[in-house]
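Have a go at each task before reading on to its solution.

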Amino acid sequence: MDTIIALLVGVLMGASVYLMLRRNLVRFVLGVALISHAANLLLFISGGLVGADPPLIQVGADLPGEGVSNALPQALILTAIVISFSVFAFLMALAFRAYESLETVDPDAMRAAEPPRGWKSQAAERTAGTA
Amino acid sequence: MNALLMSPVILPLATGVLGLALRPYRRGQQVVSLLAAAAHLAVAGALLSAVWRDGIQADQMGGWPAPYGITLVADHLSAAMVMITAIMLLATVIYACCDVVEDSLVKDIHPHLQVLAGAVCGAFLAGDLFNLYVWFEVMLVASLALLIAGARKEQLDGAVKYAALSLVATTLFLAGIGLLYGLTGTLNMADLHVRVQDVENTGLVTAVAVVFIVAFGIKAAVFPLFFWLPASYHTPKVAVSAIFAGLLTKVGVYALIRLFTLVFTLDVGYTHTILLWIAALTMLTGVLGAASHNDLRRILSFHIVSQIGYMILGLALYTPLALLGAVFYVVHHIIVKANLFFIAGALRRLVGADDLRHLGGVYRERPLLALLFFVPAFSLAGFPPLSGFWAKLFVIKASLQAGQHLVAGVALFVGLLTMYSMTKIWVNGVWKARPESTPVPDEVRRPLRAALLGPIVALACLTLTIGLVVEPFYALAERAGHELTNPDVYVEAVLGRGGEDVPVAEALPAQAGLQ
């Protein structure tokens, strides 16, 4: 089971990296969603798939019995899922506003903050200055 | 529970919530924000003095003993960082009260500044890795809200790039946490220090360390992961730029320093050599990027990258003097860099432009403002009576002592280029006569108000004080560096009893109510 989930983490990571390297903001956002799933799964198996019983301590006992699952990674993942979900929602809204405002989904074409300044544009600026 | 440890986190977060509730009342928001920032400064001062007096403060939230509970720790480094965060918050809030006047922006910026400061303090005080991760995410969301407040085209563009790379960083951080938990079964940093030494597969620990270098490296904006920073830092309001420039990347640097002195210290020859090269290349690329730009805030953004290199260099050398230098550098840099952004905003108000080609005439019209620019600018470049000189001296001396002559040479060369860059701003932005062709729409130019100059004067005085009265700051950095090189002190403060395992049964508090 560990091996299968480990492979799944690898596949998810690979797919998300592929998506994130596309020149398309929408695919990038989907890639971010996938990579957070991969990280959550990684956190899940890192706790070890030790047992399936609920992690409850019997009445009168000090320690949980054998075969209980590790509750800590699950608690961590729950937190991480909530965080990544809300950040993902924010990112969707941001991508949409950026598309509305900049009229493109290609991050390479988004140059509002960093206008291109190759020698051509500088030369054009100079001629404009003298004219 | 130790209220002193909690309040630097809770106070700004509560103020942020209160600020959101006060959205319709602009004046009320500003007053609450100012009062809370002043209170935060008092609390941070009390925490620093407590740490100075009694050594490392550690406490378990909820009463569960470490490593099971959520630990907050303040050693000298954390306490100094919290103190500097409080100073930054107060300076930024005062500046924002004068500079941000639009109703829609006031109600967004003030509450989120507080949340940001709370999250940054949380990150500095967090004693376990997952808690640190959560604070990183809170910080990310608050900073995104600040970055896009106003929603101009440039801001959205910058925010897309900032959000994209930051999210990759936090996801890698989470993956690293998963792998580390799988190896050691704990996430408490003090406990990790003990347990990592027992892991048989040391190669895997080193691999995880590299995951953390990448994750925190993106946050700290090191080479080659810094591209989000110059794409976004010049786009928001000046007050926001300034607190970003001061604090955000330094949280990444702090996390690197914390983990690579406390947890990943087994294969120093490998991990810290990577950090050394990262440091050298970060210094160099940052300063070259700065030299190639003309927009004031973009030049300063590239200088952040360059200066991060010096801090990482201090960590990479991993000697007591180098770590002392790194801590000193962080403190000096936060003050100087935020102040430079404040002054860039003041120049923009005065002249109405960001571009060096359009700036000028400041020395003739406002000699005092020119002097105020001189102090942080040439402190950044490392001129002798100012704080930057000492910071550079410690780091470069440490690299010479460690026999890293090449890197020391790079650091000196980068100092020279920084001086060139600051001279360029001085000559073009301040000294020369204002070009007649300057396109100045009158609505951009607004008068400088005394309160706007308040934070600038205060931070410049602080820079001068660190430079002229270096003794107490050196002593603080020395203690911080000493703790970083002797992690046993930290471990003992958190775990008690020299770090042996507490049996689970004993650890459960009687009132936990598990029946």
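**Exercise 1.** Work out how helix 11 and helix 12 of chain B are oriented to each other, and which residues join them.

*Solution.* Keep in mind that this is a predicted model.
- Step 1: start with the axes. Helix 11 (residues 268–291) and helix 12 (residues 296–317) of chain B have axes that come within 7 Å and cross at roughly 160 degrees.
- Step 2: classify the angle. Angles over 145 degrees count as roughly antiparallel, and helix 11 and helix 12 of chain B are therefore roughly antiparallel to each other.
- Step 3: The crossing of helix 11 of chain B past helix 12 of chain B is left-handed.
- Step 4: look at the residues. Helix 11 of chain B contributes, among others, His272(B), Leu276(B), Ala279(B), Met283(B), Gly286(B) and Ala290(B), while the residues from helix 12 of chain B include Ile299(B), Phe302(B), Ser306(B), Gly309(B) and Leu313(B).
- Step 5: sort them by class. The contact of helix 11 with helix 12 of chain B has 17 nonpolar residues, seven polar and no charged.

**Exercise 2.** Now do likewise for helix 8 and helix 11 of chain B: are they roughly parallel or roughly antiparallel?

*Solution.* 
- Step 1: the axes of helix 8 (residues 202–220) and helix 11 of chain B come within 10 Å, crossing at roughly 25 degrees.
- Step 2: angles under 35 degrees count as roughly parallel, so helix 8 of chain B is roughly parallel to helix 11 of chain B.
- Step 3: helix 8 of chain B passes helix 11 of chain B in a right-handed crossing.
- Step 4: on the helix 8 side of chain B, the residues are Thr206(B), Ala209(B), Ile213(B) and Gly217(B); they meet Tyr270(B), Thr271(B), Ile274(B), Leu275(B) and Ile278(B) of helix 11 of chain B.
- Step 5: by class, this contact of helix 8 with helix 11 of chain B has six nonpolar, three polar and no charged residues.
- Step 6: follow the chain onward. The loop between helix 8 and helix 9 of chain B holds Pro224(B), and the peptide bond from Phe223(B) to Pro224(B) is cis, with omega near -5 degrees.

**Exercise 3.** Describe how helix 16 and helix 18 of chain B cross.

*Solution.* 
- Step 1: helix 16 (residues 387–401) and helix 18 (residues 450–468) of chain B have axes that come within 7 Å and cross at roughly 50 degrees.
- Step 2: helix 16 and helix 18 of chain B are therefore oblique to each other.
- Step 3: Ser387(B), Phe389(B) and Trp390(B) of helix 16 of chain B make the contact with Thr463(B), Ile466(B) and Gly467(B) of helix 18 of chain B.
- Step 4: the class count for helix 16 with helix 18 of chain B is three nonpolar, three polar and no charged residues.

**Exercise 4.** Find which helix of chain B gives the largest share of the side that touches chain A.

*Solution.* 
- Step 1: 31 residues of chain B are in contact with 33 residues of chain A.
- Step 2: helix 5 (129–147), helix 6 (153–184), helix 9 (228–232) and helix 21 (504–507) of chain B each give two or more residues to this side.
- Step 3: helix 6 of chain B supplies the largest share, 18 residues.
- Step 4: the side of chain B that touches chain A divides into 20 nonpolar, seven polar and four charged residues.

**Exercise 5.** Decide where the model calls for caution: where does pLDDT stay under 50 in chain B?

*Solution.* 
- Step 1: the complex has an ipTM of 0.88 and a pTM of 0.91 from the predictor.
- Step 2: the average pLDDT of chain B is 88, and 94% of its residues score at least 70.
- Step 3: over residues 498–515 of chain B, pLDDT stays under 50, and the model has 16 contacts beyond four places in sequence for them.
- Step 4: where pLDDT is low, the predicted coordinates should not be read in detail.
- Step 5: chain A averages 83, with 89% of the residues at 70 or more. Its confidence is lowest in helix 4 of chain A, at a mean of 50, and highest in helix 1 (residues 2–21) of chain A, at 92.

Notes: Residues numbered from 1 in each chain as written. Chains lettered and ligands numbered in written order. Predicted model: local features only at pLDDT ≥ 70, side-chain atom pairs only at ≥ 80, totals over all residues. Contact = placed C-beta atoms within 7 Å. Helix = DSSP H or I, 4+ residues; strand = E, 2+ residues; numbered from the N terminus. Nonpolar A, V, L, I, M, F, W, Y, C, P; charged D, E, K, R; others polar. Axes fitted to C-alpha atoms, helices over the stretch in contact; angles between N-to-C directions. Parallel < 35°, antiparallel > 145°, perpendicular 65-115°, else oblique. Left-handed = near helix turned anticlockwise from the far one by under 90°. pLDDT = per-residue confidence, 0-100.
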